Amino acid sequence: MADVATVFPSAGLASARLRSTAESIAVPAGALIASAILFSLFLLGLGKNPVEFFELVWRGGFGSSFSFQNSLQRATPLILTGLAFAIPATIGLTMIGAEGALVLGAFAAAGIAIPLVTAGAPVALTLVIMVVFAIAAGAFWSAIAGWLRHARGVNETISSLLLTYIAIAIMSFFVEGLLRDPASSNKPSTLPIGKDYMIGAIPGTDVHWGFVAGLVLAVVLQVVMSRSTFGFAARVTGGNPRAARAQGLPVGRLVVACAAIAGACAGLAGFYEVAAIHGQANASLVAGYGFTGILVSFLARHNPLMIVPVAIAFGAIEASGGLIQRRMDMPDATALVLQGIIFVVLLTSETLYGRLKLFQPTTTGDRK
Amino acid sequence: MTADQLATILIAMLGGAIRVSTPFMFVALGETLTEKSGRINLGLEGNLVLGAMVGYAVSFEAGSPWLGVLAAGVSGVFLGLMHGAICSLPRVNDIAVGLAMMSFGTGLAFFFGKPYIQPSAPRLESVPLGGWSDSPALAQALTINPLFFVGILSAFLMWWAFANTRIGLIVRMTGDSEPSARAMGVNPNLVRVLSTGLGGFLAGVGGAFLSLSYPGSWNEGLSSGQGLMAVALVIFARWNPLRCIVAALLFGAAGAIGPSLQSVGISQGYYFFNAAPYILTLFVMIASARSSASAREAPGELSIVK
């Protein structure tokens with residue numbers, strides 16, 4: 001058999017690749033089962049029926065076309081914020097500022113909409129301008145952290161977190177002051193963009209177009225990161241920045257570009273939060289999507305395509321919260337506990353990669 | 001603006017800083033201890049929220065707020081040890097685990113906290129220290145919760161312990177250089193698990209302050225992200241427990257500017273001040289990056305300063 005590997009060296013490579021793919025499916029699957037068992041023990045301890053619970057999660061998340069659409073809708077911001085973590089992760093950046101880029105993008109979209117809506121500008125034009133502003137604001141905000149990393153050696157994790165708080169403060173500053181709609185007395189908000197300017201649902205569904213945008217973006221970024229020169233350079237830099245620099249790769253520009261792409265994704269999520277969900281900017285935008293997206297990306301192992309199913313799964317858990325609350329007389333925070341357990345167990349399972357014999361590439365065996 | 005108004009604002013800020021700073025101080029001290037051992041715990045928000053819930057619940061059930069504070073600390077130890085143990089496994093990312101623990105801790109707190117939103121638990125009594133002043137505003141500002149002093153005492157204790165005790169030395173050494181810790185026969189993972197556990201205790205106590213003193217009740221919107229800010233506070237304080245007090249007071253004062261301006265009728269524009277501590281911290285980071293003097297202050301094994 002050794003001859004096969006000598007004559008067709010790719011045969012051994014293919015099998016190694018297969019094993020590593022199998023590993024990246026088996027480890028998370030095992031972790032999900034472990035989380036389900038742990039959560040079942042939690043429920044049993046409280047005298048609740050785990051079987052009933054998981055059945056309700058299934059029904060609330062995927063059981064009917066209504067619940068499935070609800071899951072897709074909730075998955076939308078998570079896909080985009082997941083991408084916002086995954087792309088910088090490829091180049092070795094740990095950026096946790098998607099929340100800030102989302103908020104700032106949403107605020108930019110809602111802010112620029114005010115004069116346009118007041119002047120009665122065409123809907124399509126208004127929405128295009130809103131998208132551009134949201135993406136630009138998010139990309140700019142996130143690029144600051146990338147630039148500080150490259151130019152000054154400032155840790156991007158902490159700076160992106162700080163920038164998140166600054167972004168939220170900027171929004172509050174305007175929403176509670178200059179741009180406050182006088183009619184919003186209880187909850188300071190910007191002027192609503194109004195029903196006519198809101199993005200509708202995909203025909204035949206209740207899911208807004210943001211989901212499609214997230215899906216398309218995930219595919220595009222998957223191709224860019226795995227097939228383009230840019231993606232290759234980013235991966236080389238992520239693997240070994242020093243070697244990348246020695247090869248003459250423009251490390252600084254790559255770092256800032258990846259950070260900007262991340263911010264653009266989060267800013268786009270912010271746009272959909274305004275144009276499809278809230279219709280205005282206010283404190284509801286600070287919903288933690290940016291932070292959940294980080295964990296979604298980790299569970300998808302920073303693979304843009306894998307982010308989509310992971311985000312849908314978490315959308316489904318959130319979507320089933322109401323049903324569980326009504327049927328099992330448990331607080332809506334139950335979904336949070338389940339989510340927390342899954343996150344913790346899945347991250348713990350990262351330690352298993354490369355340590356399970358079954359998935360290691362076998363040597364051809366007859367080296368004499 | 002008249003002198004009276006200015007005095008009103010300053011007194012309100014002083015009172016606000018003292019009131020608001022206590023949870024900041026506890027999470028900052030907890031994070032300092034964890035980071036000194038060479039690991040970062042981004043999940044102290046979970047400890048804070050769970051601590052607030054447990055503290056309130058135990059105070060309600062047992063009738064003793066101090067028992068509540070202790071229980072809050074113990075719940076923080078539980079989360080801290082969990083974080084520490086998981087991060088001891090190879091290839092596990094401490095930043096992501098921190099965020100997962102935040103989500104887990106908050107989830108547990110909201111889940112078990114539902115029945116305690118309504119009932120009223122006994123609070124921690126504040127100590128009036130402003131009796132000597134004729135100004136009721138100043139007297140009110142100087143009505144200080146005992147946990148504030150516990151926090152200051154802990155900061156001095158930690159500062160002294162880092163400098164003068166064997167345990168302090170072991171923690172610092174583990175944080176600065178894992179190989180030297182190993183060479184000295186110290187198990188770095190054990191030191192880090194224990195440091196994260198004790199750091200978690202402090203953050204849990206900070207949470208108890210939120211529910212048992214100020215604002216002084218348990219609900220799901222209690223924390224405004226003070227736990228996540230711990231990381232920023234510690235960078236601002238340059239890993240020095242004493243400077244944690246200053247950082248906490250400063251962050252607290254910045255948050256108190258808004259309400260104190262409101263007390264003299266200025267109700268707009270103060271949101272900018274809320275951002276001030278973060279902008280300041282960012283500048284501290286920019287100024288200290290690539291400076292060898294500040295590199296000496298930071299624990300060498302810490303992922304975020306490498």
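Helices α5(A) and α7(A) are roughly parallel to each other, a description that applies to angles under 35 degrees, whereas angles over 145 count as roughly antiparallel, 65 to 115 as roughly perpendicular and the rest as oblique. This is a predicted model, in which local features need pLDDT of at least 70 and side-chain atom pairs count only at pLDDT 80 or more, while totals for chains, interfaces and linings use all residues. Residues are numbered from 1 along each chain as its sequence is written, and chains are lettered from A and ligands numbered from 1 in the order in which they are written.

**The helix pair in chain A**

Helix α5 (residues 98–119) and helix α7 (residues 156–175) of chain A pack at an angle of about 25°, with their axes 7 Å apart; helices here are DSSP runs (H or I, at least four residues), numbered from the N terminus. The contact (C-beta atoms, placed from the backbone, within 7 Å) involves residues of α5(A) including A:Val103, A:Leu104 and A:Phe107, and residues of α7(A) including A:Ala167, A:Ile168 and A:Met171. The residues of this contact divide into 9 nonpolar, 3 polar and 1 charged, where Ala, Val, Leu, Ile, Met, Phe, Trp, Tyr, Cys and Pro count as nonpolar, Asp, Glu, Lys and Arg as charged, and the others, Gly among them, as polar.

**The side of chain B that touches chain A**

Between the chains, 40 residues of chain B are in contact with 37 residues of chain A. On the chain B side, two or more residues each come from α4 (94–113), α10 (226–236) and α12 (271–288), and α4(B) gives the largest share, 13 residues. This side of chain B divides into 29 nonpolar, 8 polar and 3 charged residues.

Helix α9 (residues 188–212) of chain B has 25 residues and reaches 36 Å from its first C-alpha to its last, close to the 36 Å expected at 1.5 Å a residue, the expected span being 1.5 Å times one less than the number of residues. Of the 25 residues of α9(B), 22 are buried, a term that requires 20 or more other C-beta atoms within 10 Å of a residue's own, with 12 or fewer making it exposed and values in between partly exposed. In the loop between α9 and α10 of chain B lies B:Pro215, and the peptide bond from B:Tyr214 to B:Pro215 is cis, with omega near 0°.

Two non-glycine residues of chain B have a positive phi:

Methods
Axes fitted to C-alpha atoms, helices over the stretch in contact; angles between N-to-C directions. Contact = placed C-beta atoms within 7 Å.
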